[in-house]
Each structure stands twice: as C-alpha cells, then as structure tokens.
Amino acid sequence: MTDRLFNVLFLCTGNSGRPILAEAILRKVSAVRFNAYSAGSHPKGVVNPFALKELESLGCSTEGLRSKSWEEFSGPNAPVMDFVFTLCDDTAGEPCPVWPGQPMTAHWGIEDPAAVEGTAIQKQAAFVLAARYVRNRISVFISLPIRSLDKLSLNATLREIGALEGATRPRPEVA
C-alpha cells in the first residue's frame, strides 16, 4: 500500500477563526501525514487578526491563510477530502455541498472566539482557549491508526473527539 497524505477540511460559517486555527495547527504538527484546508459557508473574506496572533505565538506559519468559500472544495477540480470537520454549530446544521470522495465527517464544535466582546486581552484569551481545544482534538486525531481502523470504528472515534473539553454541544446519541 502506498502511503499518501490524507486531505482534511475544517469548516465554519465565516472561515476567519476556528477553521483557520485548525488548518495552520494541523499543517504544523503533521504535514507529513495530512493536507489541511479550511473554508466557510459564508466566508468573511479576511482572517481574524486575533487568530493570526495566536498562530504566530504557537509557531505556526500564517502564510497563505485566507478566508474562502467551501465551494472551492466541492467542484470537480477540488482535492478529494478524506475528512471534513465542522467547528461551529451553525455550519453543522447547514446543508453542505456534496464532497467528492465521500469523506468521513464529524462535528467538533468549539465556541466562536470572534463572538467574544470586551477588551483586546479578553478577545485574545478567547482565541488562546479556542486554539487549545483545536490542538487537543488534532492531537488525538493524528494519533489514530487511521489505516488500521474500520470505517465504523473510525467514525465513532471522530465523533468522540468532537465531544472533548470545550465542545459546544453534547455528542448526539447513536441510534
């Protein structure tokens, strides 16, 4: 079996904070196993400056990061995704495009740090916390023996990751 990179897409409505954090963090910690991307259903068109500041403090490259539409990843010329993770409850409830390749999906909801009102210190603290939750989920995700897990086990584990500390809503019960 040829080792190949897995493609991972992180989604949120505005694609200016949480998915940008996830894209850059995954690229930093596991670029040898994963290609990381981010997008939004209604992208703001700019990356939140507090997200960029937090990524720089973590030693993550911010080069090339941009707020973009999920439509870039749903067309015939788009990279085929292996995993798609929603990071906000709004996006999780929206009808998503049909992703080529039928990727595994899970909701990894985290509170929106951009919604925090207050001082610059309070806003930055919200991004620090969101980045911590993102890093924790990614850390568990990249430690999975993805190639050796059956699809059902992998799907259940991906959903469990979404229920880790900082989850915005409890994991739905499996029927």
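Guide: To begin, helices (H or I, at least four residues) and strands (E, at least two) are DSSP runs, numbered from the N terminus. You're looking at a predicted model, where local features need pLDDT of at least 70, side-chain atom pairs count only at pLDDT 80 or more, and totals for chains, interfaces and linings use all residues. Residues are numbered from 1 along each chain as its sequence is written, and side-chain values use heavy atoms, with hydrogens and water left out.

Visitor: Where is N15 found?

Guide: N15 has a phi near 45°, a positive value in a residue other than glycine. With 1% relative accessibility, N15 counts as buried (under 20% relative accessible area is buried, over 50% exposed, in between partly exposed, with a 1.4 Å probe and protein chains only). Its place is the loop between β1 (6-12) and α1.

Visitor: Is V46 buried or exposed?

Guide: V46 sits in the loop between β2 (34-40) and α2. Contact means heavy atoms within 4.5 Å, and leaving aside neighbours within four places in sequence, V46 has contacts with N15, S16 and S67. Its relative accessibility is 54%, so V46 counts as exposed.

Visitor: How many disulfides does a search of the whole structure find?

Guide: A disulfide is a pair of cysteine sulfur atoms within 2.5 Å. The closest cysteine sulfur to that of C12 belongs to C88, but at 3.0 Å this is too far for a bond. For the whole structure, the search comes back with zero.

Visitor: Which elements give two or more residues to the lining of the largest pocket?

Guide: A pocket is found on a 1 Å grid over the protein atoms alone, as an open set of points where a 1.4 Å probe fits, with protein on both sides within 12 Å along at least five of seven lines; lining residues have an atom within 4 Å of a point. Here 18 residues line the largest pocket, and C12, R18, C88, D90 and D112 lie nearest its centre. The elements giving two or more are α1 (18-30) and α3 (89-93).

Visitor: How far apart in space are P19 and S38, C-alpha to C-alpha?

Guide: P19 lies in helix α1 and is buried, with a relative accessible area of 1%. Beyond its neighbours within four places in sequence, P19 is in contact with F10, L11, C12, S38, A39 and L87. P19 and S38 are 19 residues apart in sequence, yet their C-alpha distance is 5.3 Å.

Visitor: What separates the C-alpha atoms of L26 and S139?

Guide: L26 is in helix α1 and counts as buried at 0% relative accessibility. Not counting residues up to four places away, L26 touches several others, including V8, F10, I138 and I142. Between L26 and S139 there are 113 residues along the chain, while the C-alpha separation is 8.7 Å.

Visitor: And what separates the C-alpha atoms of V46 and S74?

Guide: S74 is in the loop between α2 (49-57) and β3 (83-86). Not counting residues up to four places away, S74 touches P97, V98, W99 and P100. V46 and S74 are 28 residues apart along the chain, and their C-alpha atoms are separated by 21 Å.
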